[in-house]
Amino acid sequence: MKVVATYNIKGGVGKTSAAVNIAALAAADGLRTVLWDLDPQAAATFLFRVRAKVRGGGRKLVRGRTDVTDLLRGTDIEGLDLLPADFSYRHMDLVLDGAGRRTRRMGRVLDPLAEHYDLAILDCPPSISLVSESVFDAADALLVPLIPSTLTVRTFEQLSAFVEDEVEDPPEVVAFFSMVDGRKRLHREVVERLSTDRDDVAAAAIPAATEVELMGVERAPVVVHAPRSRAARAYRALWAEVRSRLGI
Ligand SMILES: Nc1ncnc2c1ncn2[C@@H]1O[C@H](COP(=O)(O)OP(=O)(O)OP(=O)(O)O)[C@@H](O)[C@H]1O
Ligand SMILES: [Mg+2]
């Protein structure tokens, strides 16, 4: 089973939107897919119409005292299951801090899923914490949405360096541009320059689009509720790149 996490220290940059769309596309490709919503805000769980509730809470789960397969919920998308969020995940850092081998904990939770799924997607909360470090350790790839600006690119470089230096078996870190406004010259320039110059920036960029915002109303990924939209096309291109990088 491959593990992909959508991650950025910043909030509201398109992590959850990417996670749910990529999860839907992977499932449509026939990969047995599970999405783990790690954010106590539970946006991905809400989008898939699942109740944000984990019996026993986050503490028992990361301490290995809950059978993770009991927590899985089906979604409206065939081949896609959800490991829901829980409000107790807000204390996950404290839980990990008190645990031994703390950066291994997320990986341990995922271990029993490996025989049931081809791909796990982890939708991370916006922060850098023990939770993220444990996610970096478990992931094969980190997918990092960037809103085009010079500053976000610097932040991405800091993250890449951190992951490379501090994680024992580091994931491949791949950025993609998110909420790109084609009317803004700065956006066009930054996207064009970086996606051609750097191989850790995906060629596919997600445009700013109403269809993505409407996911919360439709309660479905954009690739499901508006499959012909430009945003859906961009997510398909992004997924194709991610899939080939993962070699699955
Ligand atoms: N390409 C896009 N075009 C327009 N709106 C978008 C786009 N991507 C995301 N949004 C909107 O921006 C908001 C934040 O997106 P999303 O929830 O995906 O980000 P996030 O990084 O997961 O946020 P958080 O850090 O709060 O978890 C949402 O309201 C979403 O609908
Ligand atoms: Mg989110």
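Start by selecting helix 7 (residues 130–138) and what packs over its buried residues: strand 1 (2–6), helix 5 (92–97), helix 6 (105–110), strand 5 (119–123), strand 6 and helix 8 (150–166) are among the elements that cover them. Helices here are DSSP runs of H or I with at least four residues, strands are runs of E with at least two, and both are numbered from the N terminus. You are looking at a predicted model, in which local features need pLDDT of at least 70 and side-chain atom pairs count only at pLDDT 80 or more, while totals for chains, interfaces and linings use all residues. Residues are numbered from 1 along each chain as its sequence is written, and side-chain values use heavy atoms, without hydrogens and water.

Colour helix 7 by burial next: 8 of its 9 residues are buried (under 20% relative accessible area with a 1.4 Å probe, protein chains only). Among them are Leu130, Val131, Val135 and Phe136. At the start of the helix, zoom in on Ser129, where a side-chain oxygen comes to within 3.2 Å of the backbone nitrogen of Val131.

Now widen the view to the largest nonpolar core, which has 49 residues. Such a core joins buried Ala, Val, Leu, Ile, Met, Phe, Trp, Tyr and Cys residues through side-chain atoms within 4.5 Å. Helix 7 is its biggest contributor, with 5 residues. Which residues touch the most other members? Pick Trp36, Met106, Leu122, Leu142 and Phe177. Stay on Trp36 and show its contacts (heavy atoms within 4.5 Å): leaving out residues up to four places away in sequence, they include Leu61, Tyr89, Met106 and Leu122.

For open space, go to the second largest pocket, of about 160 Å³. A pocket is an open set of points on a 1 Å grid over the protein atoms alone, with protein on both sides within 12 Å along at least five of seven lines; lining residues have an atom within 4 Å of a point. Asp137 and Ala138 are among its lining residues, as are Met1 and Arg104. Helix 6 supplies the largest share of that lining, 3 residues.

Move on to the largest pocket, with a volume of about 450 Å³. Of its 24 lining residues, Gly12, Val13, Gly14, Ser17 and Met179 are the closest to its centre. Helix 1 gives the largest share of this lining, 3 residues.

Last stop: select Val4, Ala141, Leu143, Val174, Val242, Arg245 and Leu246, which line the largest cavity. About 30 Å³ of space lies inside, and helix 13 gives the most to the lining, with 3 residues.

Notes:
Chains lettered and ligands numbered in written order. Buried < 20%, exposed > 50% of the residue type's maximum accessible area, 1.4 Å probe, protein only. 1 Å grid on protein atoms, 1.4 Å probe; cavity = no way out; pocket = protein on both sides within 12 Å on 5 of 7 lines; lining within 4 Å. Points joined across faces, edges and corners; volume = space filled by probe spheres on them. Polar contact = N/O pair within 3.5 Å; in protein donor to acceptor, adjacent residues only side chain to side chain.
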